[in-house]
Amino acid sequence: MRQDRPKILVIDDDPKVKWLLSEGLANYFDFVSATSGTEGLQMVTIEKPNLILLDIKMPEMSGIDVLKKLNKMDNRPEVIMLSGHDETHYVVESMKNGAAEFIKKPFDIKEVEIHINAILEQNRLKQEVTHLRTELKAKSLYDAFIGDSPKIVQVKGLVEQVADSELTVLIRGESGTGKEIIARMIHTISSRRDESFTKVNCAAIPRDLLEAELFGYEKGAFTGAHKTKPGRFEVANKGTMFLDEIGDMPLELQSKLLQVLEQQEFVRVGGITNIHVDVRIICATNRNLEEAISRGRFREDLFYRLNEITVFLPPLRDRKEDISLLVNYFIDKYNKLYQRSLSQISQSAMDQLMVVSWPGNVRQLENMIKQVVVRGDESIINDLLINQPTEPGQSSRVSSYRPDVASPSNPGNANQESYSLKQVVADAVSREEKAMISRVLTKTNWNRRKAADLLEISYRSLLYKIKEYGLNELK
Ligand SMILES: Nc1ncnc2c1ncn2[C@@H]1O[C@H](COP(=O)(O)OP(=O)(O)OP(=O)(O)O)[C@@H](O)[C@H]1O
Ligand SMILES: [Mg+2]
């Protein structure tokens, strides 16, 4: 099988060398040759050899210069240098420029064969590892992030393209669309995958503590700073830093972050010396940063610096073709986690899921399927969907959870219709209030404090209303 034999390019101004090699090793390799560096470089592109034997002393261009030019090519073949002189500086220069081996002329043909075989084998292994790694990367990426709608395929493609670069990535999308999984995925398939992934949620840390948390502090910087403490940026050195909810970063810290992005440097709170870090930054937000900029709450220069690449995660309502895949994935996940054996949900239950507008996106769907699996009863989907907003024009298709149909737990049951205007208004208000509270609770993943803030009511009154309307996390 001649075509499978490795092809060796000999670049030597002495044609005898190629002749000697092909005489001695014709059974194992195919030889092509060039008698000058310029000719040799052209042949690399045309012949695509598996390995190059390169003479050092040639009249027009030296072997070292050819090697330097070869280094500018992508995936160049390995090079063995040949030389009648084994002066140390030739050997050193060759190795420094990435030659795989150095053989002194006159050579023993057997020795050349051994070297060629060893290098080709090493190369084969390297290629195999790279190949396996790429496959594995791709597999884990596709396994972890469910969806094959065109929008998601596009997102995955972009993630794969940018993961291995050092570009700062801004991940945007509504709550529950999967921003954090994408951030972790970018880290996992980047060359920093063996280093740490550090997540800081800018909205969860009180603003006066965030600076010390991110950048660390020196002893005595403030009351209570008994000793010097490195910040998260220092801990994340060499790895990836995921700044979640970046839209909530206080303005005064934004300039410090900009400095990290531009100079990879910062000063600890209360410190004077610059600390250098090598950190790849990924940010996420569900806020409208453009609007924050126009209100003077977010620095425009920081926005452009963070936004080298934007990954936009579409809301679930815009990629409904992914719903059934996600449902089956979550059934499987929670079957395993809770040792259940729910097989699938019925077509009619699936149809119900298709008309909802999913304000809480994949997180909301996941929570719902978790409950279905745990309770082993798909009929709860109907209950769970009561008061869920549906897509415009679709609500009438599934009358059981039209927002305007009162459920048994709703105040003002439709069967006991009231003609008192006051009562009708009160009922309508209650219905709307319940729907809104339920929506905001889902949106905040039942974070009651956050929900109370959003609803602009006190925490206590929210707790009261939750009780009054019989809302609970499983419903
Ligand atoms: N495509 C997906 N495949 C599988 N699970 C997903 C997918 N998208 C989201 N999820 C799941 O949904 C939940 C929410 O995802 P994630 O935390 O990444 O969302 P997020 O966009 O960061 O939301 P938030 O803005 O509220 O922080 C997680 O449990 C996650 O595992
Ligand atoms: Mg998140």
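This report describes the strands, helices, cores, ligand surroundings and backbone details of one predicted model.

## Basis of the description

Because the model is predicted, local features need a pLDDT of at least 70 and side-chain atom pairs count only at pLDDT 80 or more, while totals for chains, interfaces and linings use all residues. Residues are numbered from 1 along each chain as its sequence is written, chains are lettered from A and ligands numbered from 1 in the order in which they are written, and side-chain values use heavy atoms, with hydrogens and water left out.

Helices (H or I, at least four residues) and strands (E, at least two) are DSSP runs, numbered from the N terminus.

## The parallel sheet

Five strands make up an open sheet with parallel pairing, in the order E2-E1-E3-E4-E5; two strands pair if DSSP finds at least two bridges between them. Strand E2 (30-34) and E5 stand at the edges, and each has a single partner strand, so one side of each is left without a neighbour in the sheet. From one strand to the next, the twist averages 25°. Angles here run from 0 to 180 degrees between N-to-C directions, and the axes are lines fitted to C-alpha atoms, for helices over the stretch in contact.

E1 and E2 pair in the parallel sense over five bridges, and Val10 has Ser33 in E2 as its bridge partner. E4 and E5 also pair in the parallel sense, over four bridges; here Ile80 has Glu101 in E5 as its bridge partner. Four of the five residues of E1 are buried, so E1 is largely enclosed by the rest of the structure. Buried means under 20% relative accessible area, exposed over 50%, and partly exposed in between, with a 1.4 Å probe and protein chains only.

## Helices across the sheet

Helix H1 (residues 15-25) lies across strand E1 (7-11), E2, strand E3 (51-55) and E4, and runs at about 180° to E2. H3 lies across E1, E3 and E4, and runs at about 150° to E3.

A nonpolar core is a set of buried Ala, Val, Leu, Ile, Met, Phe, Trp, Tyr and Cys residues joined through side-chain atoms within 4.5 Å. The largest such core has 31 residues, and those with the most contacts inside it are Phe233, Leu243, Leu257 and Ile281. At least two residues of this core come from each of H8, E10, H10, strand E13 (280-285), helix H11 (289-294) and helix H12 (300-306). H10 gives the most to this core, with five residues. Apart from this core lies another, of 25 residues, among them Ile323, Ala349, Trp358 and Leu365.

In helix H8 (residues 207-215), the residues Leu210, Ala212, Leu214 and Phe215 are buried. The buried residues of H8 pack against several elements, including strand E7 (197-201), helix H9 (232-235) and helix H10 (251-263). Contact means heavy atoms within 4.5 Å. Leaving aside neighbours within four places in sequence, Leu243 is in contact with residues including Val200, Leu214, Phe233, Leu257 and Ile281.

## Thr285

Thr285 lies in strand E13 and is buried, with a relative accessible area of 2%. Its side chain reaches the backbone nitrogen of Arg287 at 2.9 Å. Leaving aside neighbours within four places in sequence, Thr285 is in contact with Leu170, Ile171, Arg172, Gly173, Lys179, Ile246 and Gly247.

A polar side-chain atom of Glu366 lies 2.8 Å from an oxygen atom of ligand 1. A polar backbone atom of Ile146 is 2.9 Å from a nitrogen atom of ligand 1, and a polar backbone atom of Gly178 is 3.1 Å from an oxygen atom of ligand 1.

## Backbone details

Lys105 and Pro106 are joined by a cis peptide bond, with omega about -5°. Pro106 is found in the loop between strand E5 (101-104) and helix H5 (109-144). Gly216, which follows H8, has a positive phi near 80°.

Asn75 is not a glycine, yet it has a positive phi of about 50°. Asn75 lies in the loop between helix H3 (63-70) and strand E4 (78-83) and is exposed, with a relative accessible area of 78%. Gln264, also a residue other than glycine, has a positive phi near 50°. Gln264 is placed in the loop between H10 and E11 and is partly exposed, with a relative accessible area of 32%.

Terms used:
Polar contact = N/O pair within 3.5 Å; in protein donor to acceptor, adjacent residues only side chain to side chain.
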